[in-house]
Amino acid sequence: MSCLPRNPPACVTFRTSLQCDLSEVTPTRLELREFLQEQGVGQEEISACELALAEACNNAVQNATDEARNNVIEVLAICTPSKVELHVSDHTPGFEWADKVPLPAIEAEHGRGLFFIQSCMDTANYFRGPDENRLVMGKLRAPTGASPLPADGDDLRVADLRSRLAESQQALTEMARELCFRSETLAAICRCSADLGRSNDLKGFAQRLLDDLLHIAAAEWFVVRTINPANQLSVFVASIDHASFADVPFGPEARGIISLEAQSAASCEDVEFGPERPLAPEDPLLAHFADACGFIHPIRMDQTLIGTMAIGRSATDSGFSIRQREVIRTFADFLAIQVLNARLQEQQLSNRLVSHELEIARGIQRSLLPKTLPQLRGFGLAASCETARQVGGDFYDLLQISPTSVLLVIADVMGKGVPAALFAALLRSAVRANPEWSSSPAEMLTRINHLLFQDLSRVNMFITAQIVLLDLERRRAVVGGAGHCPLLFATAGSKHINAVASQGMPLGIVRKASFEETVIVLEPGSRLLLYTDGVTESRNAAGEPFGQERLESWLAASWKSANSAEALKTTLMATLNKFESNSPLSDDRTFLIAADEHQNATQALKIK
Amino acid sequence: MKINDSGDILTISNIKELAAGNSDMFRDEVRAAVPSGVKAIEIDLSDTDFVDSCGLGALISLYKFVNSRHGPVPVRLINPTPSIQQIFELTRLHRIFEIVKSE
């Protein structure tokens with residue numbers, strides 16, 4: 001460059017700025033006029049430049065966003081021998097720049113500004129940026145002898161080269177600045193994404209991401225809260241120790257609570273704080289961040305609100321620039337995506353766990369049921385246990401006490417999944433381990449309640465159960481119930497169905513419970529039905545439950561048609577399935593049938 | 001800016017510029033001065049060295065105002081500079097405003 005000959009400056013620039021006020025446009029325009037006159041620009045070009053500048057400035061003033069009203073509008077004029085270039089910055093939301101703005105209707109009072117700029121300038125380009133937008137307009141200078149620049153061909157070429165060099169250098173600087181900023185943001189995000197891929201530590205990821213953000217956005221602190229199951233904002237990560245941060249309610253119940261974070265979450269909008277809008281004394285942020293300025297940004301993904309991010313710096317600094325805000329919002333959006341992703345993954349995992357757990361529970365439940373039924377002479381036994389997709393705690397057992405006596409146990413553990421299956425297993429063990437208690441079902445229930453009470457009450461579960469001792473030697477059944485469905489029985493002699501209700505409380509409700517016993521005389525042709533509420537709760541297409549009344553009718557009607565326990569079981573299942581129109585079970589459905597088949601044998605003998 | 005009301009004709013002169021910074025004031029002051037029964041409005045642009053789109057907007061607004069209240073009233077632009085006359089021609093507004101060049 002040092003070898004270039006000295007000559008009048010080939011590229012002269014003029015910089016000025018104006019406040020966001022229409023009255024400042026004319027003085028700025030006159031400054032430009034003076035500058036262009038000094039450079040020997042022709043009158044026609046000056047008029048064009050003045051008009052274009054005025055229109056650009058008018059736009060910048062009239063459309064500035066409220067938050068940018070304090071920013072100045074920068075004007076740059078570059079005068080080269082061949083052209084005049086005007087740059088005008090604006091802090092507007094940015095307007096749509098058409099390649100060719102049509103002439104507005106003749107009676108229109110507005111809308112000629114852009115038309116003028118395009119009409120009187122040779123080039124016009126609008127650059128939208130994150131921080132500010134920039135209108136760059138060029139006006140070619142008419143080649144006149146009045147140019148103050150030397151007319152010498154070589155000098156002109158050098159001057160032209162210089163001016164072009166200066167222009168491209170400036171463009172390069174701008175681009176480099178932009179690129180640096182963008183790439184820093186991108187690099188931070190990429191770095192954190194890679195981290196996230198390596199571990200499932202969302203908090204650690206968020207912490208590192210936002211530490212980077214502090215650096216990039218020149219912020220001093222952040223507090224990210226997420227919505228917890230109680231619908232309160234609780235701290236997720238923060239740049240300081242946040243052990244003392246209490247949860248903040250938001251939404252309708254937050255009325256009267258002065259927390260800007262809750263406000264931002266409730267309104268889903270950015271909320272500012274700073275010297276002009278100080279934090280209220282009650283605001284949880286104030287204790288840690290007195291004399292701060294910044295804003296709270298709601299973190300959300302589409303319509304899903306995830307939480308809030310408060311970010312700030314010392315109030316002695318100026319507020320965040322548009323560019324910094326843009327970066328902060330970008331990070332918040334990115335965090336929102338990651339939080340949602342992590343939640344979805346967690347949900348999938350827990351769904352897998354739940355289905356795995358249900359599988360285990362079903363396995364336990366199946367293994368508890370007796371593989372074979374005890375045999376009694378002249379008395380048939382049948383059992384059915386259908387499980388719903390959601391495993392409940394239905395359970396039955398048949399225990400041979402002597403050649404002439406059997407203990408029937410039916411129970412429903414209130415609860416689902418593995419815990420319910422485990423209690424069913426406990427109940428089974430308690431019964432099987434103590435056959436000597438079987439002489440009195442009521443006594444047995446009392447003892448079992450005593451055994452299981454502590455475990456059941458700890459997990460707020462209970463068991464309804466019915467224990468029946470079928471004693472053929474004494475031709476009687478002793479019934480003890482703990483809050484269970486009534487036992488139904490029919491005999492050949494009685495026309496109607498008898499129901500033996502369980503007077504006692506379910507197991508696990510009170511520690512010292514006592515239970516009553518009912519003794520049924522087993523007349524010839526007796527049928528006993530023990531069931532869980534899944535039977536009476538079976539519903540038809542209209543949503544009506546099957547109910548005890550229908551069950552009693554069925555037993556009365558089938559007394560004659562089905563003369564064995566197995567036949568009764570088959571017709572009851574068919575009746576229930578027909579009633580439900582084969583829709584899937586919503587609850588477990590279990591029943592036990594004991595039927596005096598002695599008469600059949602007698603009849604068969606008679607026929608022979 | 002000077003406003004002179006001769007009864008039939010309202011004359012506005014001494015206008016330095018018609019731009020965003022003063023166009024609202026120009027429109028409001030002239031509107032207020034329009035006498036009933038006005039026959040014509042003459043806007044002397046000989047001292048005016050700058051007109052922008054807001055200035056044009058104010059002139060159009062004024063034109064619509066007088067013609068809606070006072071019947072057909074011509075609005076004349078007196079002695080605009082060549083570059084300002086160009087602006088009117090560029091926007092075809094010379095079709096509604098009468099451009100008058102004295103001498």
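Buried denotes a relative accessible area under 20%, exposed one over 50%, and partly exposed the range in between, with a 1.4 Å probe and protein chains only. By this criterion, Phe88(B) and Phe97(B) are both buried.

The model is predicted: local features need pLDDT of at least 70 and side-chain atom pairs count only at pLDDT 80 or more, while totals for chains, interfaces and linings use all residues. Residues are numbered from 1 along each chain as its sequence is written, chains are lettered from A and ligands numbered from 1 in the order in which they are written, and side-chain values use heavy atoms, with hydrogens and water left out.

**Aromatic contacts**

Rings of Phe, Tyr and Trp (its six-membered ring) pair if their centres lie within 6.5 Å; planes under 30 degrees apart count as stacked, over 60 as edge-to-face and the rest as tilted. Nine aromatic pairs are found over all chains, and the table gives two of them.

| Pair | Centre distance | Plane angle and class |
|---|---|---|
| Tyr63(B) and Phe97(B) | 5.8 Å | 75°, edge-to-face |
| Phe88(B) and Phe97(B) | 6.1 Å | 85°, edge-to-face |

Tyr63(B) lies in helix H2 (residues 53-69) of chain B and Phe97(B) in the loop between helix H3 (82-90) and strand E7 (98-100) of chain B, so that 34 residues separate them. Helices (H or I, at least four residues) and strands (E, at least two) are DSSP runs, numbered from the N terminus. Tyr63(B) is partly exposed because its relative accessibility is 23%, whereas Phe97(B), at 1%, is buried.

**Nonpolar cores**

A nonpolar core is a set of buried Ala, Val, Leu, Ile, Met, Phe, Trp, Tyr and Cys residues joined through side-chain atoms within 4.5 Å. The largest has 72 residues, and Phe88(B) is among the members that touch the most others, as are Met137(A) and Leu32(A). Helix H2 (residues 43-62) of chain A supplies the largest share of this core, 11 residues. Apart from it lies another core, of 35 residues, including Leu469(A) and Val478(A).

**Sheet in chain A**

Five strands of chain A form an open sheet in the order E12-E21-E20-E17-E18, with antiparallel pairing; two strands pair if DSSP finds at least two bridges between them. The edge strands, each pairing on one side only, are E12 (379-386) and E18 (498-500) of chain A. Strands E17 (residues 487-490) and E20 (residues 527-531) of chain A are joined by three bridges, and Phe489(A) has Leu528(A) in E20(A) as its bridge partner.
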